[in-house]
Amino acid sequence: MYFIAHLGYLAYAWRNGRIHRIVLGVLLVGYLIYYFVSLNPAISDPVLSGAVLLYLLISCLALAVAAGITLPAEQKWLYVFGIAMIVLSDTAISFNEFLDYRAFNWLILPTYYLAHLTVTLSLLLRQREAALHPATA
């Protein structure tokens, strides 16, 4: 279901913008290195490893498209920050679940909750803008 949520974040951002290629490139370089050097060797089940890779790729794409969203600055940066917090939370989860490294566990829930608060605030601000100025929405 988290994967489907990422698809929803991606669809919303893509409907309102485009891929920020530099952000996508930086994310892919960093996360693919992390996957191939750390995660893939630690995951013995090839199906699970493939699913982790797919999830990683969709997360990077969702954040890169969020960075390319064309909304007013406050709405955009709240949305980008929210998606970045989801990616950070998922990264901390991956350290715990696959690498047995628990130093980042304290980040998991605060970043996850903060993500949903900021994404929701971005959407509420957009809704308010549309209600106040229906011709520009």
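Predicted model: local features only at pLDDT ≥ 70, side-chain atom pairs only at ≥ 80, totals over all residues.
Residues are numbered from 1 along each chain as its sequence is written, and side-chain values use heavy atoms, with hydrogens and water left out.

**Whole chain**

Colour by secondary structure. You will find five helices and zero strands (DSSP runs numbered from the N terminus: H or I of at least four residues for helices, E of at least two for strands). From the N terminus on, the order is α-α-α-α-α. Switch to the C-alpha trace: its principal axes span about 55 × 30 × 25 Å. Now show the surface. The accessible area is about 8100 Å², and carbon and sulfur atoms hold 71% of that (Shrake-Rupley method, 1.4 Å probe).

**The core**

Select Y31, Y79 and I83. These residues have the most contacts inside the largest nonpolar core, which has 31 residues (a set of buried Ala, Val, Leu, Ile, Met, Phe, Trp, Tyr and Cys residues joined through side-chain atoms within 4.5 Å). Then select the helices in turn: α1 (2-15), α2 (21-42), α3 (46-67), α4 (73-99) and α5 (105-132) each supply at least two residues of this core. Helix α3 gives the most, with ten residues.

Zoom in on Y79. Leaving aside neighbours within four places in sequence, Y79 contacts Y9, Y12, A13, A66, I69, V119 and S122.

**Helix α5**

Go to L114, found in helix α5. L114 is partly exposed, with a relative accessible area of 33%. Beyond its neighbours within four places in sequence, L114 is in contact with F81 and M85.

**The salt bridge**

Finish at D100 and R102. They form a salt bridge, with the closest N and O atoms 3.6 Å apart (a side-chain nitrogen of Lys or Arg within 4 Å of a carboxyl oxygen of Asp or Glu). A search of the whole structure finds one salt bridge. D100 is exposed, at 56% relative accessible area, and R102 is partly exposed, at 48%.

Methods
Buried < 20%, exposed > 50% of the residue type's maximum accessible area, 1.4 Å probe, protein only. Contact = heavy atoms within 4.5 Å.
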